[in-house]
Amino acid sequence: MPKRTGNAAAHWGPLFKAQVERCWKKPGGGGKEPIEAIFVIKLNRDGMIDEARPISITSTTPYSKAYQMSCMRALENCQPYRLPDAYYDEWRFFEPVFTERIR
């Protein structure tokens with residue numbers, strides 16, 4: 001089978017997002033500004049986390065800190081991730097972005 005080239009995140013990204021959203025418990029209360037929390041994720045081939053850590057958050061309010069912690073819990077609680085093995089070279093190391101918009 002030829003090696004895949006390019007970025008297939010449009011294929012496996014929604015699968016990852018759906019898995020995280022199933023067990024994510026966002027904090028109540030909401031903030032007064034949008035929040036963007038970025039993480040570094042390294043996954044093993046079996047879908048288990050090898051490393052997960054926050055690398056950026058757009059705010060330092062108590063709500064944004066609770067939001068970031070809820071993201072981290074969701075990442076940990078949702079494993080193992082079921083992602084297409086054909087794209088392992090892409091999803092073994094990536095930076096998911098969690099975004100909370102003000103309504």
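This is a predicted model: local features need pLDDT of at least 70, side-chain atom pairs count only at pLDDT 80 or more; totals for chains, interfaces and linings use all residues.
Contact here means heavy atoms within 4.5 Å. Residues are numbered from 1 along each chain as its sequence is written, and side-chain values use heavy atoms, with hydrogens and water left out.

Leu43 also belongs to the largest nonpolar core, which has 26 residues. A nonpolar core is a set of buried Ala, Val, Leu, Ile, Met, Phe, Trp, Tyr and Cys residues joined through side-chain atoms within 4.5 Å; buried means under 20% relative accessible area, exposed over 50%, and partly exposed in between, with a 1.4 Å probe and protein chains only. Phe39, Leu43, Tyr67, Leu75, Tyr81, Trp91 and Phe98 touch the most other members. Two or more residues come from each of H1, E1, strand E2 (49–57), H2 and helix H3 (88–91). Here helices (H or I, at least four residues) and strands (E, at least two) are DSSP runs, numbered from the N terminus. With 6 residues, H2 gives the most to this core.

Let's follow H2 next. Its 16 residues reach 22 Å from the first C-alpha to the last, close to the 22 Å expected at 1.5 Å a residue; the expected span is 1.5 Å times one less than the number of residues. Buried residues of H2 include Tyr63, Tyr67, Cys71, Ala74 and Leu75, and what covers the buried residues of this helix includes H1, E1, E2 and E4.

Now for the strands, which pair if DSSP finds at least two bridges between them. E1 and E2 pair in the antiparallel sense over 7 bridges, with Ala37 opposite Ile57 in E2. The two strands form a hairpin with 5 residues between them, and Gly47 in the turn has a positive phi of about 85 degrees. E1 also runs antiparallel to E4, joined by 4 bridges; Ile35 has Glu100 as its bridge partner in E4. Strand E4 (residues 97–100) has Phe98 and Glu100 on its covered face, and Val97 and Thr99 on its uncovered one.

Which kinds of ring pairs does the model hold? Rings of Phe, Tyr and Trp (its six-membered ring) pair if their centres lie within 6.5 Å; planes under 30 degrees apart count as stacked, over 60 as edge-to-face and the rest as tilted. By this rule there are 8 aromatic pairs. The rings of Trp12 and Phe94 have centres 5.0 Å apart and planes at 75 degrees, so this pair is edge-to-face. Trp12 in helix H1 (residues 9–23) and Phe94 in strand E3 (residues 93–94) are 82 residues apart, so the pair links distant parts of the chain. Both Trp12 and Phe94 are buried. The rings of Tyr63 and Tyr67 have centres 6.3 Å apart and planes at 40 degrees, so that pair is tilted. Tyr63 and Tyr67 both lie in helix H2 (residues 62–77), 4 residues apart, about one turn of the helix. Trp24, Phe39, Tyr63, Tyr67 and Phe98 form one aromatic cluster.
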